[in-house]
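The entries follow the order in which I looked things up.

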Amino acid sequence: MTYAAITGWGKAMPPAVLSNADLSTFLDTNDEWITSRTGMKERRVSHVSASEMAIVAAKRALACAGLDAKDVDLVIYGSCSSDEIVPNSASGVQTAIGATSAAAIDLNTACTSFLYSLSTATAMIKTGVIRNAVVIGVELISPFMDWDNRNVAVLFGDGCAAVVVQASEKEEGVLGEQLGCLAHVRHTLRVRGMGCAYTNSGVVSGDTSWDFDGQEIFRHAVQGMTRASADVLKKCGVTPDQVDLVVPHQANLRIIEAVVTRSGIPMDKVMLTVERYGNMSAATVPVALTEAVETGRVKPGALILMPAFGAGLTVCAHLVRWGERVTPLAQSDAELSPVKRSALDMIGDIRARKTDAAARSGAGLANPRLPEALL
Ligand code: ACO
C-alpha cells in the first residue's frame, strides 16, 4: 500500500508584531481582556502578499525534503485569502518556485484549508494520481479585517507554512481523517464584501465587515473538534494515551483546552502558538507543526492529532504518523523582502483606505446577492 509521508516543512512568518497594547491604541480593548479570553498576546501583520509568503514557505519546505521543484507534481494553496480569484494563487506559486510540471489548486475551507489540502494531496498520492505535492497553508487576513470591530480585530494574524508530501511504502503521513461541516451555523461567521455575491450590492470590493457570533462559534468548535478527534482515533484504532502530540487549530486557548481535555489528552502534549501568533486561519496548523518539529517536540515515528474548525463551519481531525527524519535535508536561502513599517502603521494605512473606500461608495452594510436560504 502507498502512503503519503510528510518529508519537508517550512514556514514564512512576517516579522512585524502587533501587540495587545498596540490594539488598545485604536480599539476599546486591553491586554487583560484579550489574554484572559483568548490566550493571545500578539500576532503578525504581513507587509508582503500572501503569495510571497507562500513562495518562501514552499521553497523552504522543498529544500527540507530535498525535492527538486521540477519534480513536483502538485501545488495546493490552502487559504481563504487568495491574491486574486482568477488566475488562482497556486499557479503563481507554481511558476515562482519553478515547479513547472506541477498541477496547481486553490482550496478554501477557511481555517481548515491546510488540513483539507493535506487530505486532497494524500488521497491523490494514495490513488497514484501524483507522487508528491507541496501543500501550503497561508493567510493574509489584515487587509480584509474589520479593524474597528473589537469582537474580531483582536483575534487574527497573518502567516504561512508549507509541507511536502511524498509517496512512501512505509505507514506514514495521514493515517486517517474525519471531515465535516456544521453548515446550519454557517451564518455565525461571514465576511461581507468579499466575493461575487457583492457585485452590484453597493459595496466596494474589499470594503469588508464581519458577521461574527463568537460564543456560538466557540460552542460548535468545541463540540465539532472533540467529536472529529474521537471519530478519527476510533477509525484508526488509536487510544488518546497513544497520541504523542496534538497540533490543533489555534483560534482560542480556551477552545483548545476544552477540546483536548474532553479528548482525554493532557495539555502538556499540545503544541501552542496562539499566544505569539493568534489565529492565522489556514496557516495556524502548518506553522505550529513546523515549529513543533523545529523545537524537537516531534520525535521520530510520533503520532500527531490535528483537530481544526473554520468558517462554514468546517470541522476536521487528522491523525498523522511522522517518519524517521526530524531534521531538514537542506536549508533554502529564500527570504521575505525586508519590512519597512511597523505593524501598527500598516494597520493605520488599511483603516484609512477602508474609510476612504466606504465614503466614496456611500455604502454601508450590504447583503450579498445570495438565495434567501443561505443568508
Ligand atoms: N476587548 C474588550 N472587550 C471585549 C472585546 C475586546 N476585544 N470583545 C468583546 N468584548 C466584550 C463584549 O462586548 C462583552 O461585553 P458585555 O458583557 O458588556 O456585552 C464581553 O466582552 C464579553 O464578551 P463575550 O462574547 O461573552 O466573550 P467570550 O468569553 O465569549 O469571548 C471570544 C469572546 C474570544 C470571541 C470567544 O467567544 C471566541 O473565541 N469565540 C470563537 C472565536 C473563533 O472561533 N474565531 C475563529 C472563527 S473560525 C476561523 O478560525 C476562521
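Entry 1: I began with Ala 110, which is found in the loop between β5 (103-107) and α5 (113-126). Ala 110 is not a glycine, yet its phi is positive, about 60 degrees. I note here that this is a predicted model.

**Entry 2: cis peptide bonds.** Next I looked up omega. A cis peptide bond joins Val 86 and Pro 87, with omega about -5 degrees. I placed Pro 87 in the loop between β4 (74-78) and α4 (89-97). I also noted a cis bond from Gly 312 to Leu 313. For that bond, omega is near -20 degrees. Leu 313 has its place in the loop between β12 and β13 (314-321).

**Entry 3: the two ends of α2.** I then turned to α2, which spans 31-38. What caps the N-terminal end of α2? I found that Asn 30 does this. A side-chain oxygen of Asn 30 lies 3.2 Å from the backbone nitrogen of Glu 32. After α2 comes Gly 39. I read a positive phi for Gly 39, near 85 degrees.

Entry 4: I looked up the residues around the ligand and got 25. Thr 29, Arg 37, Cys 111, Gln 215 and Asn 252 come nearest. By class, I see 12 nonpolar, 9 polar and 4 charged residues in this shell. Which elements each supply at least two residues of the shell? My list reads α2 (31-38), α6 (150-153), α7 (214-236), α8 (253-262) and β12 (303-310). Of these, α7 gives the most to the shell, with 4 residues.

Entry 5: I checked oxygen atoms of the ligand against N or O atoms in side chains. For Arg 150, I read a distance of 3.0 Å from a ligand oxygen. For His 249, an oxygen atom of the ligand is 3.1 Å from a side-chain N or O atom. Arg 254 has such an atom at 3.4 Å from a ligand oxygen.

Entry 6: Where does the ligand sit? I found that the space taken by the ligand is the second largest pocket. I noted about 630 Å³ of space in this pocket. Its lining has 27 residues. Trp 33, Asn 151, Leu 155, Phe 212 and Gly 214 lie nearest the pocket's centre. The elements that give two or more residues to this lining are α2, α6, α7, α8 and β12. By class, the lining divides into 14 nonpolar, 9 polar and 4 charged residues.

Entry 7: Last, I looked for cavities. How many of 30 Å³ or more does a search of the whole structure find? I got 1. The largest cavity has a volume of about 40 Å³. Its lining includes Arg 43, Arg 44 and Val 45. I also wrote down Ile 141, Ser 142 and Trp 147 as lining residues of the largest cavity. Phe 156, Gly 157 and Asp 158 line the largest cavity too.

Key. Residues are numbered from 1 along each chain as its sequence is written. This is a predicted model: local features need pLDDT of at least 70, side-chain atom pairs count only at pLDDT 80 or more; totals for chains, interfaces and linings use all residues. Side-chain values use heavy atoms; hydrogens and water are left out. A residue is near a molecule or strand if one of its heavy atoms lies within 4 Å of it. A polar contact is a pair of N or O atoms within 3.5 Å; within protein, one must be able to donate a hydrogen and the other to accept it, and residues adjacent in sequence count only if both atoms are side-chain atoms. On a 1 Å grid over the protein atoms alone, a cavity is a set of points where a 1.4 Å probe fits but cannot get out, and a pocket is an open set with protein on both sides within 12 Å along at least five of seven lines; lining residues have an atom within 4 Å of a point. A molecule sits in a cavity or pocket if more than half of its atoms lie within 2 Å of its grid points. Ala, Val, Leu, Ile, Met, Phe, Trp, Tyr, Cys and Pro count as nonpolar, Asp, Glu, Lys and Arg as charged, and the others, Gly among them, as polar. Grid points are joined across faces, edges and corners, and a volume is the space filled by probe spheres set on the points.
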